[in-house]
Amino acid sequence: MLFQHRRKALVVRHLLVCLWVLGLFACGDKNVAEADRLNSMAYAFHYRNLDSTAAYAQRALNVSGNYAAGRAEALNNMAFVRISKMEFETASKLLNDVKDITDNQVELLVADVQLMRLCQRQSRNKDFYNYRESALRRLKRIKEEAYNLSPRLRKRMIYAETELYIVASVYFYYIGLPDRAIAEQENIKPNGDIQQDTAQWLSYMYNVGAGGLITAPTKEAISQQEFDFLFRCYGLAIQSNYPYWEANSLQAISEHLIDKQQRRQLLRDNATAITILNTDDMPDSLLAGNLAQRALVMFSSYGNVYQTAGAYRTLASCYWALKDYKSALFCLQNALYRNPDINKAPDLVSSICEQLSLVYSAMNMKIQSDVNRNVYLDIQRQTRQDKQQEARAEQLENSSKQLNMMLVYVGVAIVLVVLLLYFFNSLRARQAAKYSPEKMLEPLRQWEKVNAQHVEEQNDRYEELHEEQEIGRRHVVENKKKNIEQRAKVSLVNSVVPFIDRMRHEIHRLNAVQEPENIRQERLDYVKELTDKIKEYNAILTQWIQMRQGELSLHVESVALQPLFDIVGKSRMGFEHKGIKLVVESTTEVVKADRTLTLFMINTLIDNARKFTERNGKVTLSARVAEEEGYVDIVIADTGVGMTEEERAHLFERKVINSSSADVQTSHGFGLLNCKGIIDKYKKVSRIFSGCSISVESEKGKGSVFCFRLPRVVRMLAVVLALCGGMQVHAATARDSVHGNRSKILDRISAYTPEGKLLKRANAYADSAYFANVNGRYAKTLQYADSCIGKLNDLYRLKAPHGKDLMVAYSKAVDKPAEIQWLNDSLETNFSIILDIRNESAIAALALHEWDLYRYNNEVYTKLFKALSADNTLDAYVVGMQQSKANKTISIVVLVLLLLLIIPAYYVLFYRHYVAYRIYVERVEDINKVLMNTGEAQAKLDAIARIIKSIDRHGGETVQFKSLNEVVSQISEVLQKSVEMEKAREESIEMAEDELRRVEIENDKLHVNNSVLDNCLSALKHETMYYPSRIRQLIENGGEDLHDMNELVDYYKELYMLLSAQAMRLVDDLRYSYRPVPLKQLLDVLPHTSEDGVGEGRHILGDEDLLGYLFGILAGLFEGHSVALAVKDKGARYVEIDLELPSVMYTDEQCRELFTPTTPNLQFYLCRQIVRDTGEFTNARGCGVFASNIENKTHIAITLPKTTQA
């Protein structure tokens, strides 16, 4: 009974277990069915309602439980919603979770395809190819076992496969590979399985009709076929209740109706379809905007962020076509800023910014237009397909090759091990021969070669220094010539002062004394004569100044500020004598400026700060990055007396600056005036200096802060937005790389070949177009572009004599642009030049509001840019990389084992024998090391002597190293001679460097003096030439207002003396050196008929360059006329040189005026100035130059100081 009871209990237990298992399976089947149903609902709402898709997918995920395929499908549906809402990070996580929870290949394929779309939206090119390769492999495996798929999975496969080709087609279209885009689209059979999935069929029709995938002979035929596809998509979307595709088709049709000509054609040929579309009875001109508005409402309701922004962009295009630019701007700003997630899609942002640049340009908002075009160009560069490949392709290629070659290396390593075993065994025998006497002499021979190269380098350095000295001396001579001209101008200015004094005296007499009318009239007439004389001198000065106009006296370069600050820091002693602390803060900034004038401005402002700072004060010099981007502020701050608001207002005017403090000096303000003039001159040189300025902040009793601003040199090259002047649109970084590409092509095509010459001319025109845009000469840019296109077409005709694909400035044809065809035909030309000229033409057309021309050039630029940057091999790289990884581990392990085998073989067969033998030759190598090191020759001699003593201490080894002793004796002798010669050469080089520094200092001093004198003379000319005419005008008006005339002449005199005094101070600050100069050397340049020995043995005391310039001027004046020379001593100090002019005869009056300011040739006046300065510098006041007539012949007598010391 007990046994039966137990058996019954066991049976009951088994029955319960079976029932539980059956219930579990029944529950599981129910969950699977429910999950599949919910996932199907989620998919059905993909293009109907995103919120419904998300809700059904979440429910499917919740009920799936352990049903991995159901969970994966739910995650795919949820990822679709996140991609639509541009929540890319969440979408990526969901899709990666799919790969972790299932091995269902169909759902994994769907995940790969969605990751492809994600990468396409974010312009992640390499990742796109990775996922595409993964998807293609999965698709191949699934098709091989397609007969095993359930009906439901077959439906999912229709979606996965068609979506794969559609996403790839869209990707290739946007990166500029239309042929590959068409090829991907053709993988879909329009009459095949795709029609079982209405949503995918709508997607296919929309993508075909949206543009770019249909080929036809005319533009009208293309637009008609595209319209047909879109209208079919629209009708089926309404019929099947797919608002997403309804909105897409409306938006695409709207884009087709924007163009007026295309709209007329479509309205004419599709009247019925247009009537169906025009539900609101809109006028033809407003229909496109109505369709775009309806699409926008649908997209906003649907919740697709990407498409909503695109709809705003299309609506903006409609407003733009209607010239409603404010509405277009409103739409584009909504597209760009309404949802910040839009920035995750660079291509869309790029297109919006490009359209913004058009709208801003149409609204004449140039700065905003340029900024948005710059963003557009930057995104084009940043998302170019080969951008990552540029950084990674070579690495991928090398890695792939290395991995594939590792198997080859394994075989090579096996052979190598065998060879090494034999090699190590034989290497021991060859060691003895390695250190034979001939081998020991090799270091000496090598050292002699190295030393010979060193001697040659020193000789080259010495010659280079001499060449630099000659160049520097030539610059000094030129600057001296300019300076003597400046001195002559100052002398001319001083010649006017007596006339002003006489005029002032006469006017004062008229104002102070009541005289008879006739005497009064005589005085007025005399004043008029004086004004005429002053105007005559002013005219001469103006003529002379204009002779130098157009010459750029600025030497602009990259200038590091720290060396200039170091020079200023050396003047601390002058500050300390006055009890002032000078603080110079270190800086790493580099500016674009004239180095010498920058130092002059710093010194001037520092010196002013010292003058107006009392004892125990502080002056600080520093540099900082300016608030305005791209500039550096150089700041001089002091704790001095400060200024009132009135003084600050007139600080940069010509006004004497006084202070009541005993510690503070008086200043005339000319230094500040010159600083202001330098800044103004910078602004006239180039637009990069447009932000330069000089300013002051000051408060009475609290000190002053002077600041001048210069362009900053950015040493790390980044994307440079050249917003010079009107913020011209030029991407500097791209242009630099383009110039690099140009140079490579120009190197490959020699500049001396016809092709090279044409490319060089085209390159020059492209550069001219660039600078024309920079300077705002947009019409000129288009002229340069036409010339550049002409040269490129000439090159094409040269390469393809029968070719018909010629570049044009503008075209409405549907044909492929010529430059794209050239690229497809692999024409050897410089496509960087083409990119440049298309970009510059687009910029110019944008500025000129020539919209069709802009669109054509911008479209060609974009297509060519994408075609050039398209990487057709990146997918092959990815495949090769993945295949290579399989070989890596095995190859590395085998190689490591083989390498480890080499180590013991090396030690047993070679190394232990080598170490024993090495002991015997160690000292030989010590000497070789000493000989071949980079130390000085004397140090080598000392080291070798110590080695010799070491050898002597080991007597047994001396015989073995007998050949070493011979080598050492030769080395010692050669090194000793080298030490002596090295010392002599270094002394010569040091002297040459000192002379070069002296020449550079002299040249810098002359350059600064000339530049400042230029400013002073120009200021004097512009500020004083008005007054003589004004005084004469008052006289001609009757001379009644003597009080005004008196004030005017007094102010004229004060202003003239003030300005001329500054010029005189500059003249007095610079003095020339003088030394004996052979007179015969000077006279030989003159065309004379005198005896060859004239002037022999005599020496003139003066500046050799100026004296040479004097006689060079005379030689030029009398060119073609021989003169008779006579030289005689004039007392103990002077020599007189008489030039008789047999072929030239001047009147007595002409002789008197020949060397005066009224000379008919200012070169004579320059001669007088050189002679006068020579007398002044040598303290020989008896110097002079005069012309006179003696016995009906004109003679020129030049008196110069002589010296008996040669």
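# A tour by selection

Select Gln382 to begin; this residue is found in helix α18 (residues 366–382). Helices here are DSSP runs of H or I of at least four residues, strands are E runs of at least two, and both are numbered from the N terminus. The model is predicted: local features need pLDDT of at least 70, side-chain atom pairs count only at pLDDT 80 or more, and totals for chains, interfaces and linings use all residues. Residues are numbered from 1 along each chain as its sequence is written, and side-chain values use heavy atoms, with hydrogens and water left out.

Stay on Gln382. Its relative accessible area is 46%, so Gln382 is partly exposed. The cut-offs are these: buried is under 20% relative accessible area, exposed is over 50%, and partly exposed lies in between (1.4 Å probe, protein chains only).

**Stop 1: helix α2**

Select residues 50–64. This is helix α2, with 15 residues. The expected span is 1.5 Å times one less than the number of residues. That gives 21 Å, and the end C-alpha atoms are 21 Å apart, which agrees.

Which residues of α2 are buried? Colour Leu50, Thr53, Ala57, Ala60, Leu61 and Ser64. Look down the axis of α2: these buried residues fall within an arc of 100 degrees, so they line one face of the helix. The arc is taken from the directions from the helix axis to the C-beta atoms. Turn to the face away from the buried side to find the exposed residues Asp51 and Asn62.

Next, check both ends. At the start of α2, a side-chain oxygen of Asn49 comes to within 2.9 Å of the backbone nitrogen of Asp51. A polar contact is a pair of N or O atoms within 3.5 Å; within protein, one must be able to donate a hydrogen and the other to accept it, and residues adjacent in sequence count only if both atoms are side-chain atoms. Just after α2, Gly65 has a positive phi of about 60 degrees.

**Stop 2: two loops with positive phi**

Go to Ser123, in the loop between α5 (105–122) and α6 (125–144). Its phi is near 60 degrees, a positive value in a residue other than glycine. Is Ser123 buried or exposed? Ser123 is buried, with a relative accessible area of 14%.

Then select Asp281, in the loop between α13 (271–277) and α14 (284–302). Phi of Asp281 is near 55 degrees, again positive in a residue other than glycine. Asp281 counts as exposed, at 69% relative accessibility.

**Stop 3: salt bridges**

How many salt bridges does a search of the whole structure find? The search finds 55. Each is a side-chain nitrogen of Lys or Arg within 4 Å of a carboxyl oxygen of Asp or Glu.

Show Asp1103 and Lys480. Their closest N and O atoms are 2.8 Å apart, in a salt bridge. This pair links distant parts of the chain, 623 residues apart: Asp1103 sits in the loop between β9 (1099–1102) and α41 (1104–1117), and Lys480 in helix α20 (residues 437–512). Both Asp1103 and Lys480 are buried.

Asp607 and Arg610 form a salt bridge at 2.7 Å, N to O. Both lie in helix α24 (residues 595–611), 3 residues apart, about one turn of the helix. Asp607 counts as partly exposed at 26% relative accessibility, and Arg610 counts as buried at 18%.

Glu1149 and Arg1152 also form a salt bridge, with closest N and O atoms 2.4 Å apart. They lie in helix α42 (residues 1148–1153), 3 residues apart, about one turn of the helix. Glu1149 is partly exposed at 39%, while Arg1152 is exposed at 54%.

**Stop 4: helix α38**

Select residues 1026–1036, helix α38. Its buried residues are Tyr1027, Pro1028, Ile1031, Leu1034 and Ile1035. Seen down the axis of α38, the buried residues fall within an arc of 125 degrees, so they line one face of the helix.
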